[in-house]
Amino acid sequence: SEMHGRELRCCIGIMTQLGLLPKSATSLKDHLQALLQDAERENSIPSLLGRLRLNAAAARDRLSDDTWRLFNRIERDARLPAGPFVISTAQGVLDTLVLDLAAFSGMQQENMTRGHGWRFLEAGRRLERSCVILELVDAGARQAADDDSVLNPLLEICDSSMTYRRLHFARPLIMPVLDLLLLNDINPRSVAHQFNVLSRQAAQLPQDPAVDHGQRERQQMDVLQSALATLNLPALAKSPADAFKAVPALCQHLIANLEILSDIVTEHYFSHASKRD
């Protein structure tokens, strides 16, 4: 259908802006195959799984046998069968991977002791999810300026379609979509929800007032939450052209400040080159 074709073009536009596809992609199928099978391709599934394996191996003694079995299963399930690349088969592999990753998340949620290891893992997850959602909303808002058929795929990618339908009983519109993905704390995929969890975790990080550990993390979370709170959607609704400029600018500002938070945490707790008196 025409709507399906427009949504597909919008998805390609989002992938292009996120750097998953080159701007002059000639063969979409070849690029999708590379994202699924080429370990040398940045941010491909094999590349990401390689990094996951590297980090898991470094913390092998902290991971249960069940967790390790799940890592092995994820790697096995991510392999496409030999032979020509078939889109429907690839889709089946991706569906299975989504379930595997949900199982890993559930195991971590249910079984991990709530010590500092858990806090850093949870903070890392929320940092990454915030950045991903902000990048998607940035790309989606730019596309929506020309074609609001991007809103359905945007909600789907952000696992928020069902929540939107339950709240609004109507086709997606730009302002309620932005509210759900950025500001609505009842949505566990919203940026506001990630920031609230991050703020709680930052408050419980190991403290060392002598070197400012913990203090700067909390201050940076205040910067992030204050910046998000400046987004006045009712005011922007009166001037949609302003919204399509203001929202991407805010998303980029928040991403830059999330990277600063990540650097502060890394410097304070994970730098093996820290100076000693």
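This is a predicted model: local features need pLDDT of at least 70, side-chain atom pairs count only at pLDDT 80 or more; totals for chains, interfaces and linings use all residues.
Residues are numbered from 1 along each chain as its sequence is written, and side-chain values use heavy atoms, leaving out hydrogens and water.

A141 sits in helix α6, residues 116-144 (helices are DSSP runs of H or I, at least four residues, numbered from the N terminus). Leaving aside residues up to four places away in sequence, A141 touches F244, V247 and P248, with contact meaning heavy atoms within 4.5 Å. Its C-alpha is also 7.9 Å from that of I174, 33 residues apart along the chain.

## Helix α9

I174 belongs to the buried set of α9, along with M175, V177, L178, L180, L181 and L182. That puts 7 of the 10 residues of this helix (174-183) under cover.

## A buried glutamate

E7 is found in helix α1, residues 2-17. E7 is buried but has no salt bridge, and R6, the nearest side chain of opposite charge, is 8.2 Å away. For a salt bridge, a side-chain nitrogen of Lys or Arg must lie within 4 Å of a carboxyl oxygen of Asp or Glu; for charge, Lys and Arg count as positive, Asp and Glu as negative, and His and the chain ends are not counted. Beyond residues up to four places away in sequence, E7 touches S149, N152 and P153.

Conventions. Helices (H or I, at least four residues) and strands (E, at least two) are DSSP runs, numbered from the N terminus. Buried means under 20% relative accessible area, exposed over 50%, partly exposed in between (1.4 Å probe, protein chains only).
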